[in-house]
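Here is a short note for a colleague who is opening this model for the first time. Please read the points with the structure in view.

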Amino acid sequence: MADENEQAEGPSGTDAGTPGPEHEEEFKKRRRAAFRGAGRTLRGGYGTTLRERMAELAELAGTGGGAGTADAAGTGGASEAVYDLDDAVDAYGGGVVAALESRVAELLGFPAAAFFPTGTMAQQAALRCWAGRTGNPVVALHPLAHPEVHEEGALSAVSGLRPVHPTTEPRQPTAEEVRAFGEPFGTLMLELPLRDAGFVLPTFEELTDVVAAARERDAVVHFDGARLWESTTHFGRPLTEIAGLADSVYVSFYKSLQGLSGAALAGPEDVIAEARSWRHRYGGNLYQQFPAALSALAGLAHVLPRLPACVAQARVVASGIAEAFTAAPGVPWFRVHPEPPHTQEFRVWLPFEAETLTEAAVSQAEDTGTALFTAWSRDSGVPGVSTTEVSLDTRALEWTAQEVREAAAEFARRAADLSARR
């Protein structure tokens, strides 16, 4: 579970709270052991071993015949194969990879889709294709979007594109901001949801207006939909209608769908054909990709239908945390954002050091077997304030609102006690 391990390391773009460099590795081992051993968590996958991941893939592909490892990961197990396992393995695409591409195109309502080993590569290819068609290498996107925060300037360094920012506010851009932006751009890229702003989404009407504003400027629209799968509840629309607003869409398989790795780019046939060429040039045309493709098909079959329930439960969890922190005498203030959550992921801020909050989370897991939070990180913008990402899978559906409040109250007590002693 790549994304679960990512969550355990703390929110992106911040420094994870640890006792210090000399004890960092030791503390990481302790933290992973605590979360792995906890009987009650909001999601699974902490400290997963190679053996467990291999067994889970076999289970999800439909060869295990039971619930076992798949249930432990929060996916629920599979009784039918998601693909004919007697088919030949893929070779530079085809087979199971082609089946996955066809399924993604169908789900998103596009004529074609291409599998990529990473989302970074998929979006590089998409944005290069659109720059060639529009004749404009300028890409309008949010400064908190993935290419700006997590890709080391790849859009400019690798693809010769120039990013610009219609807004710097920690939210999606508005139609007015897109219309009023001071220079031409060829492509508007929207990350849905915008993770580093708190997994925030616009309303469907706002999204429609933003897209229309871009088209008024003769720009194309690309969606960074790494977590688009879980946006249907907030938008109140099916995936095809949401994705249909854009000219192309990238989706991830290893985040909310809990796959091994990989991504897909969906769009018009000519764009996808050119994107395949760029995939080859970037070194992404791998010889065999069947493990990632099988896990992605399993995620689409068994995890995707459960995401709306996880989104609904995230609102229960967020409310329970807020109620407990409001009543906790040791918590001077807090922030849950967005409230209610737009997806099954949201952020929490507290005015304590990250080391204190992470220690409170670890000790709670060790002592009580309950892990409500994982790692906390310093908010780089505010000294003495820390933040964490709360992310749910179907394990969270077992929690009642009262259990969330009790766990949050216990966490707050531990955090306040630790802070007072430091």
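1. Start with charges over rings. A charge sits over a ring if NZ of Lys or CZ of Arg is within 6 Å of the ring centre and within 35 degrees of the ring normal. R40 meets this with W399: R40 lies over the face of the ring, 5.4 Å from its centre. R279 does likewise with F116, its charged end 5.7 Å from the ring centre.

2. A word on the source. This is a predicted model, in which local features need pLDDT of at least 70 and side-chain atom pairs count only at pLDDT 80 or more, while totals for chains, interfaces and linings use all residues. Residues are numbered from 1 along each chain as its sequence is written, and side-chain values use heavy atoms, with hydrogens and water left out.

3. Look at the seven-strand sheet. Helices (H or I, at least four residues) and strands (E, at least two) are DSSP runs, numbered from the N terminus. Two strands pair if DSSP finds at least two bridges between them. The sheet is open, with mixed pairing and the order β2-β8-β7-β6-β5-β3-β4. β2 (112-116) and β4 stand at the edges with a single partner strand each, so one side of each has no neighbour in the sheet. From one strand to the next, the twist averages 25 degrees.

4. Inside this sheet, β5 (residues 187-191) and β6 (residues 220-225) run parallel, joined by five bridges. E191 has D224 of β6 as its bridge partner.

5. Contact means heavy atoms within 4.5 Å. Axes are lines fitted to C-alpha atoms, for helices over the stretch in contact, and angles run from 0 to 180 degrees between N-to-C directions. Helix α5 (residues 95-108) lies across β2, β7 (248-252) and β8 (263-267), at about 130 degrees to β2. Helix α13 (residues 269-281) touches β2 and β8, and its direction makes about 15 degrees with that of β2.

6. The other sheet to check is open, with four antiparallel strands in the order β9-β10-β13-β12. Its edge strands are β9 (335-337) and β12 (377-378), each pairing on one side only. Three bridges join β9 to β10 (residues 345-350). V336 is partnered by V348 in β10. Helix α15 (residues 307-327) packs on this sheet and touches β9, β10 and β13 (386-391), making about 10 degrees with the direction of β10.

7. Which residues touch the most other members of the largest nonpolar core? A nonpolar core is a set of buried Ala, Val, Leu, Ile, Met, Phe, Trp, Tyr and Cys residues joined through side-chain atoms within 4.5 Å. Buried means under 20% relative accessible area, exposed over 50%, partly exposed in between (1.4 Å probe, protein chains only). The core has 55 residues, and L100, V104, L108, F223, W229, V249 and F253 touch the most other members. Another core, of 40 residues, lies apart from it and includes A314, F352, V362 and A412.

8. Last, the aromatics. Rings of Phe, Tyr and Trp (its six-membered ring) pair if their centres lie within 6.5 Å; planes under 30 degrees apart count as stacked, over 60 as edge-to-face and the rest as tilted. There are twelve aromatic pairs. F35 and Y46 make a tilted one, with centres 5.8 Å apart and planes at 55 degrees. F35 is in helix α2 (residues 24-37) and Y46 in the loop between β1 (40-41) and α3 (50-61), so the pair ties together parts eleven residues apart in sequence. F35 counts as buried at 2% relative accessibility, and Y46 does at 10%.
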